[in-house]
Amino acid sequence: MQQACGGTGEEDVGALEWALEEAPQPPEAAFILGRLGNDGSRLSPKAQAHADALAVDVALWRAEVRAWEEARPLHDLASAVERRAARLEHVDAGALRFLDDDEERLTEEARRLADVGFARRQIIFWQGDDAVDMMPHPREGDMPSLRRRLRRWIGRADAHAAAVLGLVGGRPGGGGAKFVTNWSLGRWEQVQAKNEAFLAEREAVSEVGKVVNLAMVANESVKAAAASWYAIVLGMEERARRVGYVAVFVTATLPPRYHLNPRHGDAEHGDPALSPWIGAQELARRWHAALCLARQRGVNPFGVRTVEPHTDGCPHAHALLYVAPDELGDLEASLRQHFPADGGDANAALKVRLINGGTAAPTSYVMHYVLKCVGPADDEETRRFRAWASHVGVRRLSLVGLRQGTIGLFRAAYRTTKSDTPPAEPRARAVYRAMRRKRWATALALLGAWSVTPRFRPEREIRVNCWGEDVRHTIGWCNARTGKHSLARQPVRWAIRKITNVLIGNALSIVTSYPRGAPPDGGVRQRPPDKGQHDP
C-alpha cells in the first residue's frame with residue numbers, strides 16, 4: 001500500500017505510526033530531575049534511588065523523541081496511507097477476518113456453520129408442520145457447500161479491499177498489480193493446482209470399456225470450447241455478410257465513481273463503497289437495459305460480449321455487434337443513454353467503432369477477448385483475469401441477440417459430425433451436413449439461433465439431485481415442429497472412478513475434439529487495433 005501512496009513499500013510500519021503522532025511531551029520526571037540537578041546539593045541514598053527511577057522515564061521519552069524526529073519525513077506518506085486504510089470501513093468486515101486464513105481454518109469455519117445449520121433444521125423439525133416453511137435448505141448443513149460459499153465471500157472482499165487500498169491499478173510504475181494482488185493470484189492458482197491433481201487421479205470409463213484420464217479430458221475440453229466459440233463467431237460474421245449488416249466494436253465503461261484506483265484520472269472520484277462485484281452487477285444491468293431500449297426502437301443486433309477488468313478491478317465490457325446500417329444510429333443512442341459520461345469523458349464511457357474492412361476481419365477484433373475467457377491460461381495476464389473473474393463472480397462471455405441455449409445446442413450438433421452416419425431426423429441431418437462443410441452460419445440458422453420460434457425443443461427428464469430435490473435435466477433435443485428426437489446431449493455415458501478403480505461418480509459426457517476448420521487455439525491470437533489500451 002505504501003507504493004500506491006508514493007512510497008517504496010519498504011517503510012517500517014512503526015515509523016509510519018510515529019509520523020502520525022504529535023511531538024512527545026516531556027514527562028514530569030524531566031522537570032524534577034532538572035530541579036534536582038540545579039540544586040547542586042548532595043542527594044540522600046533514598047532520593048538518589050528516586051532520581052535514578054526518574055532518569056529511566058526521561059531516557060524513554062528521549063528515545064520516543066528521536067523515533068518521532070526520524071519519522072517526520074514520512075508524515076505525508078503516513079497521512080496518505082491512513083486515508084486509504086480508512087476506506088476499509090466500506091469493505092465487509094466479516095470477510096476481512098478470514099482474508100489471511102488458510103484452507104484448514106476455512107474448513108473449520110465451514111464445519112461450524114454446518115453444525116449450526118443442522119441444529120436449526122432439527123429445531124424446526126421438532127416444532128412440527130407449523131414451522132415447515134422456515135426449514136433451511138439442506139446445503140445450509142453441508143460443509144463443502146459452505147466452504148465454497150466462504151471462498152466466494154472472501155474473494156469478493158479481497159477484490160474490494162485491494163482496490164480501495166490501491167494494491168491494484170493506479171498509474172503506470174506506481175507499484176499496483178494488474179486486476180488482482182499477487183497474494184490473490186497465488187490463492188487462485190493453488191485451487192487450480194488442487195483441481196488438476198484431483199482430475200489426474202481419476203479416469204472415465206465408457207459403456208464399452210474405453211478409459212480416459214480426466215486431466216486429459218479437461219485439457220481437450222478447453223480447446224473444444226475455444227474452437228466452438230471461434231466457429232460461432234465465424235458463423236455470425238458470415239450471417240452478417242449475407243444480410244448486409246455492418247460490424248461495430250463497442251467498449252462500455254462504468255462512471256468514474258466505480259473506479260477506485262484508475263490508471264488515468266483521479267482516484268478521489270471513486271466511491272469506496274462500490275466494490276468490483278457491485279460494479280459487475282451494475283454493468284450487466286446497464287447493458288441489458290441498453291439492449292432492451294434498442295429493441296424497443298426496432299434495432300436487433302447480434303454478436304458476442306465479453307467482460308474484463310480495468311487494472312484496478314473495475315469491470316468493463318467489449319462487444320462485437322452486427323447491425324443494419326440504417327439502425328446504427330439508434331443502437332449507439334441506446335447505448336449512450338445507459339452509458340453516459342456521468343462526470344467523466346463521454347468517449348471513455350462508451351466507444352463505438354465501425355469496422356468497415358481493412359486488414360483485420362471483424363472476428364479478429366473480438367477473438368482476443370474470447371480466448372482470454374475460454375482458451376488456455378498460458379500467460380500471467382490471462383491467469384490474473386481468470387482469478388479476478390473467479391473472485392468477483394462475473395460472467396465472462398455471452399452471446400447477444402441469439403436464442404438462449406444456442407451454445408449447448410451447437411455443441412450437441414457438432415458431436416454428431418464425429419460419425420460418418422448422419423442423424424435420421426431431417427433437420428438434424430441438415431445441420432450435420434452444414435457443419436461437415438464448415439458452413440457455420442447455415443448451421444446456426446438451422447439450429448434456430450436467429451429465429452423467433454425455436455427450431456429444436458429440449459427433451460427433459462426428472463432426476464433427483466444430491467439434496468433429494470426433483471430437477472429437470474436436459475437429455476437431448478427434438479424437432480420443435482414434429483416432436484421427433486433429433487440430438488442427444490450425452491450420446492455416450494461415462495462412469496468416473498479413481499485410478500484405483502473405485503467408482504465415485506455417475507455419468508459424464510466427453511468432448512475431446514473441435515469443429516473442423518477451427519484450430520485448437522481458435523485461430524491467430526490477434527490484438528485489436530487499439531492494442532488493448534482501453535483503461536479509463
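# A guided tour, starting between two helices

The crossing of helices H7 and H8 is left-handed. This is a predicted model, so keep that in mind as you click along.

**Stop 1: the H7 and H8 pair.** Select residues 143–164 for helix H7 and residues 182–200 for helix H8. Two packed helices are described by the angle between their axes and the distance between the axes. Here the angle is about 155°, and the axes are 11 Å apart. Because an angle over 145 degrees counts as roughly antiparallel, H7 is roughly antiparallel to H8.

Now show the side chains where the two helices meet. On the H7 side, pick Arg151, Ile154, Gly155 and Asp158. Their partners in H8 are Trp183, Ser184, Arg187 and Lys194. What kinds of residues make up this contact of H7 with H8? Two are nonpolar, two polar and four charged.

**Stop 2: the loop between them.** Stay with this pair and select Phe179, in the loop between H7 and H8. Most residues other than glycine have a negative phi. Phe179, although not a glycine, has a positive phi of about 70°. Is Phe179 buried or exposed? With 6% relative accessibility, Phe179 counts as buried.

**Stop 3: another positive phi.** Move on to Lys438, which sits in the loop between helix H16 (426–436) and helix H17 (440–446). Lys438 also is a residue other than glycine with a positive phi, near 60°. Its relative accessibility is 45%, so Lys438 counts as partly exposed.

**Stop 4: Glu238.** Next, select Glu238 in helix H9, which covers residues 214–243. Which residues does Glu238 touch, leaving aside those up to four places away in sequence? They are Arg439, Trp440 and Ala441. Glu238 has a relative accessibility of 18%, and because buried means under 20%, Glu238 counts as buried.

**Stop 5: His473.** Jump to strand S9, residues 470–479, and pick out His473. His473 has a relative accessible area of 21%, which makes this residue partly exposed. Not counting residues up to four places away in sequence, His473 touches Glu459, Arg460, Glu461, Arg463 and Arg489.

Finish by selecting Cys373 and Cys478. Cys373 is buried, at 2% relative accessible area, and Cys478 counts as buried at 4%. How many disulfides are there? Taking a disulfide as a pair of cysteine sulfur atoms within 2.5 Å, the count comes to zero.

How values were computed
Residues are numbered from 1 along each chain as its sequence is written. This is a predicted model: local features need pLDDT of at least 70, side-chain atom pairs count only at pLDDT 80 or more; totals for chains, interfaces and linings use all residues. Side-chain values use heavy atoms; hydrogens and water are left out. Buried means under 20% relative accessible area, exposed over 50%, partly exposed in between (1.4 Å probe, protein chains only). Axes are lines fitted to C-alpha atoms, for helices over the stretch in contact, and angles run from 0 to 180 degrees between N-to-C directions. Helices (H or I, at least four residues) and strands (E, at least two) are DSSP runs, numbered from the N terminus. Angles under 35 degrees count as roughly parallel, over 145 as roughly antiparallel, 65 to 115 as roughly perpendicular and the rest as oblique. A crossing is left-handed if the near helix is turned anticlockwise from the far one by less than a right angle, and right-handed if clockwise. Contact means heavy atoms within 4.5 Å. Ala, Val, Leu, Ile, Met, Phe, Trp, Tyr, Cys and Pro count as nonpolar, Asp, Glu, Lys and Arg as charged, and the others, Gly among them, as polar.
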